[in-house]
Structure formats: structure tokens, C-alpha cells
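Please take a look at the chain below.

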Amino acid sequence: MLKRVGEKSDAADITSQVFLKALSNLKRFKHVGAPFSSWLLKIAHNETLYHFRKTAKRRSVLIS
């Protein structure tokens with residue numbers, strides 16, 4: 001997460017969101033041949049995308 005986001009506090013927040021969502025949706029997990037870790041990675045991917053969409057408005061570029 002840290003490699004993707006770059007900010008330690010943001011990476012920690014996203015990671016906690018991933019595990020919170022995984023725990024709250026554990027009943028909905030269905031084993032279809034893929035490992036449990038791939039389900040977690042999909043949640044992490046979606047949370048990362050959500051983070052970038054949410055923070056896109058705050059990002060700015062300085063032009064010297």
C-alpha cells in the first residue's frame with residue numbers, strides 16, 4: 001500500500017479500511033477456486049482507487 005500511495009499515514013488508513021471491509025463482508029466471501037488473499041487484494045485495489053478519486057481534487061501542481 002505504501003508503494004502505491006506514497007504517504008505512510010494514507011497507506012495505514014487504507015490498510016485498516018481493507019481489513020475492516022473484509023471482516024464486515026466475510027459472510028459474503030465465496031470460495032470459487034481463488035485464494036482468500038486474492039479477495040483481499042481486490043478489496044485493497046478498490047480502496048486504493050477510491051482514495052485516489054477522493055484526493056484527486058486536493059492534488060495540485062506547482063509551476064515554477
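**From a surface patch to a ring cluster**

L23, L26 and F36 make a nonpolar surface patch of about 300 Å². Patches take residues with over 30% relative accessible area and no salt bridge; like charges are joined within 9 Å, nonpolar side chains (Val, Leu, Ile, Met, Phe, Trp, Tyr) within 5 Å. A salt bridge is a Lys or Arg side-chain nitrogen within 4 Å of an Asp or Glu carboxyl oxygen. Areas are Shrake-Rupley values with a 1.4 Å probe, and for residues only the protein chains shown count as cover.

This is a predicted model: local features need pLDDT of at least 70, side-chain atom pairs count only at pLDDT 80 or more, and totals for chains, interfaces and linings use all residues. Residues are numbered from 1 along each chain as its sequence is written, and side-chain values use heavy atoms, leaving out hydrogens and water.

L26 sits in the loop between α2 (8–24) and α3 (36–55). Helices are DSSP runs (H or I, at least four residues), numbered from the N terminus. L26 is partly exposed, because its relative accessibility is 42%; buried means under 20%, exposed over 50%, partly exposed in between.

Now the rings. Rings of Phe, Tyr and Trp (its six-membered ring) pair if their centres lie within 6.5 Å; planes under 30 degrees apart are stacked, over 60 edge-to-face, the rest tilted. The count comes to three aromatic pairs. F29 and F36 pair edge-to-face, 5.2 Å centre to centre, with 85 degrees between the planes. F36, at 36% relative accessibility, is partly exposed. F36 and W39 form a tilted pair, at 5.4 Å and 45 degrees. F36 and W39 are three residues apart in helix α3, so about one helical turn separates them. Ring pairs link F29, F36 and W39 into a cluster.

Methods
Helices (H or I, at least four residues) and strands (E, at least two) are DSSP runs, numbered from the N terminus. Buried means under 20% relative accessible area, exposed over 50%, partly exposed in between (1.4 Å probe, protein chains only).
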